[in-house]
Amino acid sequence: MRSTNVVAIILLFALLFTTNVFADEVASSSGTVITTSKSSLTLTPLESFTSEGGLKSAGRTAEIAVGELIADLRTLTKEQSALVKEIAAFNVIKEAAQNEIDAIKKKYYKQKDEYDIMLAPLTADILAFNARPQGLRDDATHSQLAKRKAVSDKEQARLEVERIGGDEAIREIVARVEAMVTPLQSKVANWDNVKLPRMGLAYRQLKVVVEYAKQVNKILLERYPTKPTKWQPEGKHPGYNPDGKYPVLDMAMEQIKALSARGFDTN
């Protein structure tokens, strides 16, 4: 029986979390371009704004960018979790398949060992009988050895059938597992080459937008400290809010913290 093993699949979970290959956000003299799955938004340099309205408009742009980036990151995180679960499920299937193969081999080799134990004395007796001079080879002993050999041959034939059947069963198990490998490897490659860089870019851009929104808030409060008027309903924006509560910004910071804890670069 051949020592066929279930095909191995190397799925490097590091590919799911590596962060040193992320593309940077696009910066130009007119501002920083933030790209999401829905739009491209430009964060205009804050020094170019001379009015409260302009700063509030910048805050609104940051609000939109934060919302879209958070949505993108949540979608990608769900896809990542689904892929991790699929890999785990595959590993369970692969382990079960290997157990099937091991059981087939164990059964065969146990019977083979038993056959070899039975065959050894028979072989020795036959050799000893054949070594006798022709005149000392009695028919009774010959007949007895012939019967024992017939039993041995029958067992050998049965074992051969067992071996052939076991090899075929193993080939089917391996084929079943191999059929799952290629599509799963394709998904991992797609994550590594497409989704992961996209997730990294969204993460880096979210950090940029959060800092930008903080600066909008700071400048508004410094330039217009006596104006408590909110430019958007409370809790709907990361921009100027006199009570100091910025729910959207807080949400963005939580997203950054969560991704940082999973190994994303926070520098």
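**Helix packing, confidence and selected residues**

Mentor: Helix α2 passes helix α3 in a left-handed crossing, where left-handed means that the near helix is turned anticlockwise from the far one by less than a right angle. Helices here are DSSP runs of H or I with at least four residues, strands are E runs of at least two, and both are numbered from the N terminus. This is a predicted model, in which local features need pLDDT of at least 70 and side-chain atom pairs count only at pLDDT 80 or more, while totals for chains, interfaces and linings use all residues. Residues are numbered from 1 along each chain as its sequence is written, and side-chain values use heavy atoms, with hydrogens and water left out.

Trainee: Are α2 and α3 roughly parallel or roughly antiparallel to each other?

Mentor: The axes of α2 (residues 52–131) and α3 (residues 139–223) come within 5 Å and cross at roughly 165°; such axes are lines fitted to C-alpha atoms, for helices over the stretch in contact, and the angles run from 0 to 180 degrees between N-to-C directions. Angles under 35 degrees count as roughly parallel, over 145 as roughly antiparallel, 65 to 115 as roughly perpendicular and the rest as oblique. The two helices, α2 and α3, are therefore roughly antiparallel.

Trainee: Which element of the protein has the highest mean pLDDT?

Mentor: The pLDDT is the predictor's confidence in each residue, from 0 to 100, and the protein averages 80, with 76% of the residues scoring at least 70. Over residues 3–28 the pLDDT is below 50, and over residues 229–240 the pLDDT is likewise below 50. Among the elements, helix α1 (residues 14–17) has the lowest mean, 37, and the highest, 94, belongs to strand β3 (residues 40–43).

Trainee: In what pattern do the helices and strands follow one another along the sequence?

Mentor: The secondary structure comes to four helices and three strands. Read along the sequence, these elements follow the pattern α-β-β-β-α-α-α.

Trainee: Is L122 buried or exposed?

Mentor: L122 is placed in helix α2, and apart from residues up to four places away in sequence it touches L145, R148, K149 and S152, contact meaning heavy atoms within 4.5 Å. Buried means under 20% relative accessible area, exposed over 50% and partly exposed in between, with a 1.4 Å probe and protein chains only. Because its relative accessible area is 4%, L122 is buried.

Trainee: Which residues is I219 in contact with, leaving aside its neighbours within four places in sequence?

Mentor: I219 lies in helix α3 and is buried, with a relative accessible area of 14%. The C-alpha atoms of I219 and L46 are separated by 8.7 Å, although these residues are 173 residues apart along the chain. Beyond the neighbours within four places, I219 is in contact with L46 and L55.

Trainee: How does G165 count in terms of relative accessibility?

Mentor: G165 is found in helix α3, and its C-alpha atom is separated by 9.5 Å from that of I104, 61 residues apart along the chain. At a relative accessibility of 37%, G165 counts as partly exposed.
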